[in-house]
Amino acid sequence: NVTIPYKTEIMKYLDEISPTALRIGAINTIKIGEKCTGYNTDYFGFGKSLEFFGVSIKGKRCAVLGSGGSSRAIVSYLEDQGAESIVIVTRDTIKAAIKYPHLRCIPINYFSAMGYDLVVNATPVGMYPKTGDSPITKEQLCGAGFVMDIIYNPSMTLLLEYAEELGIPYANGLYMLVAQAISAQEIWQGESIKQEITNRIYRELKDEI
């Protein structure tokens with residue numbers, strides 16, 4: 001497994017890269033054999049998480065907070081699932097526009113979630129140990145249909161506290177973490193793993209946190 005800040009850097013050392021990972025521009029899993037092949041299981045982990053929480057994407061308006069490495073897999077999945085629109089919400093819209101020239105980029109201070117079906121936090125803001133931070137204010141979050149924070153430590157970020165107070169359905173990043181790990185195991189072992197196993201591991205971890 002590979003994590004930040006090496007998800008992009010390591011690509012040049014691999015023999016092969018899966019089409020999905022190549023499109024995303026980042027890998028987090030390597031299968032070592034006669035050749036070293038790179039994959040991105042964050043893509044599948046994010047998708048499985050949406051499915052688990054009953055969030056459909058086709059025809060929906062989506063906002064992704066952050067334009068870093070974590071947002072790449074998320075944006076690719078949303079595009080593949082037929083989202084009506086995707087906006088990137090970030091502090092640096094110039095850099096974001098270079099990475100996502102085909103998408104609208106909004107300064108985070110001017111963002112309002114009103115009318116968006118899905119808001120995804122792909123930034124590290126709110127992650128342990130800086131748990132008192134949120135990428136956007138409670139007022140900015142008003143009107144969102146569903147909020148997913150890919151952070152899993154803490155299990156309840158300030159952003160998700162805002163969602164709960166506003167009565168907005170939400171999920172943290174724990175299921176995505178488990179699902180992307182299961183996807184990696186499928187790649188290494190060369191066999192598919194039943195969804196119920198992912199669900200069971202998720203529930204056991206959730207109960208322990």
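Me: At what angle do H7 and H8 pack, and how far apart are their axes?

Reply: H7 and helix H8 (residues 195-208) pack at about 135°, with their axes 9 Å apart. Axes are lines fitted to C-alpha atoms, for helices over the stretch in contact, and angles run from 0 to 180 degrees between N-to-C directions. Do keep in mind that this is a predicted model, where local features need pLDDT of at least 70, side-chain atom pairs count only at pLDDT 80 or more, and totals for chains, interfaces and linings use all residues. Residues are numbered from 1 along each chain as its sequence is written, and side-chain values use heavy atoms, leaving out hydrogens and water.

Me: Why are H7 and H8 called oblique to each other?

Reply: Under 35 degrees counts as roughly parallel, over 145 as roughly antiparallel, 65 to 115 as roughly perpendicular, and the rest as oblique. The angle of H7 and H8 is about 135°, and these helices are therefore oblique. Their crossing is right-handed, that is, the near helix is turned clockwise from the far one by less than a right angle.

Me: Which residues make the contact of H7 with H8?

Reply: H7 brings Leu 174, Tyr 175, Val 178, Ala 179 and Ile 182, while H8 brings Gln 195, Thr 198, Asn 199, Ile 201, Tyr 202, Leu 205 and Lys 206. Contact means heavy atoms within 4.5 Å. By class, eight of these residues are nonpolar, three polar and one charged. Ala, Val, Leu, Ile, Met, Phe, Trp, Tyr, Cys and Pro count as nonpolar, Asp, Glu, Lys and Arg as charged, and the others, Gly among them, as polar.

Me: What makes H2 and H3 oblique to each other?

Reply: Helix H2 (residues 42-52) and helix H3 (residues 69-80) pack at about 60°, their axes 8 Å apart, and H2 and H3 are therefore oblique. Their contact has seven nonpolar, two polar and three charged residues.

Me: What is the strand order of the open sheet of six strands?

Reply: The order is S6-S5-S4-S7-S8-S9, and the pairing is parallel. Two strands pair if DSSP finds at least two bridges between them; strand S4 (residues 61-65) and strand S7 (residues 118-121) have four. Leu 65 stands opposite Asn 121 in S7. H3 packs on this sheet, touching S4, strand S5 (85-90) and S7.

Me: Why are S6 and S9 called edge strands?

Reply: Strand S6 (104-107) and strand S9 (170-171) each pair on one side only.

Me: Where is Pro 129 found?

Reply: Pro 129 is in the loop between S7 and helix H5 (138-141). The peptide bond from Tyr 128 to Pro 129 is cis, with omega near 10°. Another cis peptide bond joins Asn 153 and Pro 154. Most peptide bonds are trans.

Me: How many helices and strands does the protein chain have?

Reply: There are eight helices and nine strands. Helices (H or I, at least four residues) and strands (E, at least two) are DSSP runs, numbered from the N terminus.
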